[in-house]
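Subject: Structure for you to look over

Hello,

I am passing a structure on to you. Please open it first, then read my notes below.

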Amino acid sequence: MKLKAILAAALLAVGLSVNAQTIIKFSHVVAADTPKGKASEFFAKKAAELTKGKVKVEVYANSALYKDKEEMEALQMGSVQMLAPSLAKFGPLGVKEFEAFDLPFIFDDTADLHKITQGPVGAALMAKLEPRGIKGLAYWDNGFKSFSANVPLKSPADFKGKKFRIQSSKVLEEQIRSVGGIPQVLAFSEVYQALQTGVVDGTENPNSNFFTQKMHEVQKHMTITNHGYLGYAVIVNKKFWDSLPADVRGQLEEAMKESTVYANKIAQEENDKALEGVKASGKTTIYTPTKDERLTLKKAMAPVHTKMADRVGKETLQQIYTATGFDPSKL
Ligand code: LMR
């Protein structure tokens, strides 16, 4: 008997399998207590359940393993198997079309957004990742962003000359420039300190990220502008994914399907809870712009659509406009 067969017989005798458990390292940059944090834990539980323990998903939250840029490299090298980066972070990978999601005011609401993430445009964008060795599994919602600073932000003039931390997206860069601000790309893990020390004056994020990173401790004002969307693509290393037995892959696909329903169900609730938390802290004054103030901001940012059309791809953009009915020329 060969050594492996002897070992298998011995393991079987004590009820263990010869096949080692598959480990999926799932790395992300936000707190565990956020839409993405909770959805990744949900996926880990479902994956264990549906694969009957054949797969163990280890979730590393809060940039514990890698920061924004490093996590993309780690995924491609196979040091981690799964990530859920914000859609604003795919430009450096060479898939600039994802930055269409960053265009200001492009989605009126979540229903508009789901026409893209749950439709053919979303699927076509995911397919663009495959030549980079990445497979896209799902889109997870976070939500719409608020702006914050140490001064009230009510009109475009209030942004002038101020430094705003943004994610690594050229569309976001142009968005800040459109109102006279100075964009500064920083990793998510560096934002709190940058705000605290005055490296930047303000930022933008959904309320759940703002609150769980304690940005309310270092930002006196927040404006509920809902000017842009922040959400995620859950992605895996393609070589790893293709190497899984077909039945296990099917079980993981089912786990991901259920986790996506869960993620999209809790996202708004988590952002609402976070806003209550910011209010209760008493540290940040929250301002809701009037309809006119919001329209003024929308008009000021509208040229970003034309300027960035080539970058995000005119065809992709037109498909989004057709699906959502958005027409920047009508502003
Ligand atoms: C950010 O960098 O602001 C966000 O992408 C963080 C996240 O993953 O939600």
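What covers the buried residues of helix 11? The cover includes strand 5 (146-149), helix 6 (170-178) and helix 12 (303-307). Bear in mind throughout that this is a predicted model. Helix 11 spans residues 291-301, and its buried residues are Leu297, Lys298 and Met301. Seen down the helix axis, they fall within an arc of 100°, so they line one face of helix 11.

Ser146

Strand 5 is also the place of Ser146. Ser146 counts as buried, because its relative accessibility is 3%. Its side chain makes a polar contact with the side chain of Asn207, at 3.0 Å. Leaving out residues up to four places away in sequence, Ser146 touches Thr203, Glu204, Asn205, Asn207, Met222, Thr223, Ile224, Thr225 and His227. Take Asn205 from that list. Ser146 and Asn205 are 59 residues apart along the chain, yet their C-alpha atoms are separated by 5.7 Å.

The ligand

Asn205 turns up again around the ligand.

- Lys89: a polar side-chain atom lies 2.7 Å from an oxygen atom of the ligand.
- Gln167: a side-chain N or O atom is 2.6 Å from a ligand oxygen.
- Tyr232: a side-chain N or O atom is 2.5 Å from a ligand oxygen.

How much of the ligand does the protein bury? The ligand taken alone exposes 270 Å², and the protein buries 100% of that.

Helix 4 covers residues 110-117. Its buried residues are Asp112, Leu113, His114, Ile116 and Thr117. They pack against helix 5 (120-127), strand 4 (134-144), strand 10 (229-237), helix 10 and helix 14. Asp109 caps the N-terminal end of helix 4. There, a side-chain oxygen of Asp109 lies 3.3 Å from the backbone nitrogen of Ala111.

Helix 10, residues 246-281, holds Asn264. Is Asn264 buried or exposed? Its relative accessibility is 19% and the cut-off for buried is under 20%, so Asn264 counts as buried. Beyond its neighbours within four places in sequence, Asn264 is in contact with His114, Gln118, Tyr139, Trp140 and Asp141. One of these, His114, is among the buried residues of helix 4. Another, Asp141, has its backbone nitrogen 2.9 Å from a polar atom of the Asn264 side chain.

Thr284

Thr284 lies in the loop between helix 10 and strand 11 (285-287). Thr284 is buried, with a relative accessible area of 7%. Which backbone oxygens lie by its side chain? That of His216 is 3.1 Å from a polar atom of the Thr284 side chain. That of Gln219 is 2.8 Å from a polar atom of the Thr284 side chain. Not counting residues up to four places away in sequence, Thr284 touches Phe210, His216, Gln219, Lys220, His221, Met222 and Val278. Met222 is also touched by Ser146.

Two positive phi values

Most residues other than glycine have a negative phi. Two lysines here have a positive one. Lys52 has a phi of about 55°. Lys52 sits in the loop between helix 2 (35-50) and strand 2 (55-60). With a relative accessible area of 74%, Lys52 is exposed. For Lys214, phi is near 60°. Lys214 belongs to the loop between helix 8 (207-212) and strand 9 (221-223). With a relative accessible area of 44%, Lys214 is partly exposed.

Lys330

Last, Lys330 is found in the segment after helix 14 (314-324). Lys330 counts as exposed, at 70% relative accessibility. Between Lys330 and Asn237 there are 93 residues' separation in sequence and 42 Å in space, C-alpha to C-alpha.

Best regards

Definitions and conventions:
Residues numbered from 1 in each chain as written. Predicted model: local features only at pLDDT ≥ 70, side-chain atom pairs only at ≥ 80, totals over all residues. Heavy atoms only, no water. Near = heavy atom within 4 Å. Polar contact = N/O pair within 3.5 Å; in protein donor to acceptor, adjacent residues only side chain to side chain. Areas by Shrake-Rupley, 256 points an atom, 1.4 Å probe, with all protein chains shown as cover. Buried < 20%, exposed > 50% of the residue type's maximum accessible area, 1.4 Å probe, protein only. Helix = DSSP H or I, 4+ residues; strand = E, 2+ residues; numbered from the N terminus. Arc of directions from axis to C-beta. Contact = heavy atoms within 4.5 Å.
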